Amino acid sequence: MKTLKDTITQITMPTPYAVGDVHTYLLKGDRLTLVDAGVRTEDAWKALVEQLNHIGYHPEDIEQVILTHHHPDHMGLVDRFPRVETIAGHPKLKPWLERDDRFFEQYEAFFKWMYKEAGVPERFDSLLKGLKKPLKWTAEGKMTHLLEEGDALPGHEEWRVIETPGHAQNHLSFFRKEDGALIGGDHLLAHISSNPLLEPAYSPNEERPKPLLQYRDSMEKLLPLDIDTVYPGHGKVFGDVHALIQTRLKKQEQRAGKVYQMFKDGPLRAYDVCERLFPKHVESQLGLTMSETVGQLDYLESINRLKTSIIEGEKFYEMNG
Ligand SMILES: [Zn+2]
């Protein structure tokens, strides 16, 4: 007997990243859909084609691609399917997929401003010019279908969209109530905690998003749902989401506690905290470590433990009271 579980098949591909393999999911319904599309390497493509063949399909059978978020290991092969006419994702994924030059200019300008305010030393300036480098691992395409909170997936009416910003501003998860299946992208992974990453606002009047606060909200948002199985972007398929979410939230609060103690001796800029929190990784992984640091500072500010002041264009945090 066929069950709901038979409508979803995991396909696993290698990536050049430390995170290791990435999964995409083949969904069978009124349309044949791929949720996410790996990274743009020949190894990934070969793995994808082989696994499709193994279950009786070819790349030309795929009718649409639905994306969980814009990271290169999730949309790198989106342009390799000749029959795909629909590419669906969150509206904030559009500038990434369509390579909007103005957006990338704003993106670079944002980090320049952000890092200056955070006290990042000038020796990191060359990094800012390399922000577009990861784009070589990804594809260009045309977004044809926008997905937002509560929408049904085209061709798969039983799956609903849950917006889960944090790891990425455009991050979506997909939930099928009937059997409690969640396609979770990188929102929730069993083996590692997912990184809430700094990104600029997507429209000029918006404030800088606070990814860690969003991430916490996006985790709490899943608590009332009856989730049985998570099909993640990396690592093993898992259940027991409640316990995992509680663990992740608690761990983050513990790290925030550690960061708070750093302010005993006086005010610090975000970079000063980053150096103390990640002495081994700050040089090689500035983007990632600064995202994590600013996240913790945003959190401590949100619960009124820290307050900020701007001195000569730099932002200082100090204990509040
Ligand atoms: Zn990601």
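User: How many cavities of 30 Å³ or more turn up in a search of the whole structure?
Analyst: One cavity of that size is found, where a cavity is a set of points on a 1 Å grid over the protein atoms alone at which a 1.4 Å probe fits but cannot get out. This is a predicted model, in which local features need pLDDT of at least 70 and side-chain atom pairs count only at pLDDT 80 or more, while totals for chains, interfaces and linings use all residues. Residues are numbered from 1 along each chain as its sequence is written, and side-chain values use heavy atoms, with hydrogens and water left out.

User: What lines the largest cavity, and how much space lies in it?
Analyst: About 40 Å³ of space lies in the largest cavity, the volume being the space filled by probe spheres set on grid points joined across faces, edges and corners. Its lining consists of M114, E117, A118, A270, V294, K315 and Y317, a lining residue being one with an atom within 4 Å of a point.

User: Which elements give two or more residues to that lining?
Analyst: Those are α4 (101-118) and β13 (314-319), and α4 gives the most, with three residues. Helices (H or I, at least four residues) and strands (E, at least two) are DSSP runs numbered from the N terminus.

User: Switching to the metal, which residues are the protein donors of the zinc ion?
Analyst: The donors are H69 (NE2), H71 (ND1), H167 (NE2) and D186 (OD), at 2.1 to 2.3 Å from the zinc ion; donors are N, O and S atoms within 2.8 Å of the metal (3.2 Å for Na, K and Ca), and sites may look incomplete because water is not among the atoms. Along the chain these donors follow the spacing H-x1-H-x95-H-x18-D. H71 sits in the loop between β4 (64-66) and α2 (72-75), and H167 in the loop between β8 (156-163) and β9 (172-176), so the pair ties together parts that are 96 residues apart in sequence.

User: Are H71 and H167 buried or exposed?
Analyst: H71 counts as buried at 12% relative accessibility, and H167 likewise counts as buried at 8%; buried means under 20% relative accessible area, exposed over 50%, and partly exposed in between (1.4 Å probe, protein chains only).

User: You mentioned β9, so what order do the strands take in the open sheet?
Analyst: The five strands of the open sheet have the order β7-β8-β9-β10-β11, with mixed pairing, and two strands pair if DSSP finds at least two bridges between them. At the edges stand β7 (152-153) and β11 (229-232), each with a single partner strand, so one side of each has no neighbour in the sheet.

User: How does β9 run against β8 and β10?
Analyst: β8 and β9 run antiparallel, joined by five bridges, and W159 stands opposite R176 in β9. β9 also pairs with β10 (residues 181-185) in the antiparallel sense over three bridges, with F175 opposite L182 in β10. Four residues lie between β9 and β10 in their hairpin, and G180 in the turn has a positive phi of about 65 degrees.

User: Why is β9 called largely enclosed?
Analyst: Five of the five residues of β9 are buried, so the rest of the structure largely encloses the strand. Both of its faces are covered, with L172, F174 and R176 buried on one side and S173 and F175 buried on the other.

Methods
On a 1 Å grid over the protein atoms alone, a cavity is a set of points where a 1.4 Å probe fits but cannot get out, and a pocket is an open set with protein on both sides within 12 Å along at least five of seven lines; lining residues have an atom within 4 Å of a point.
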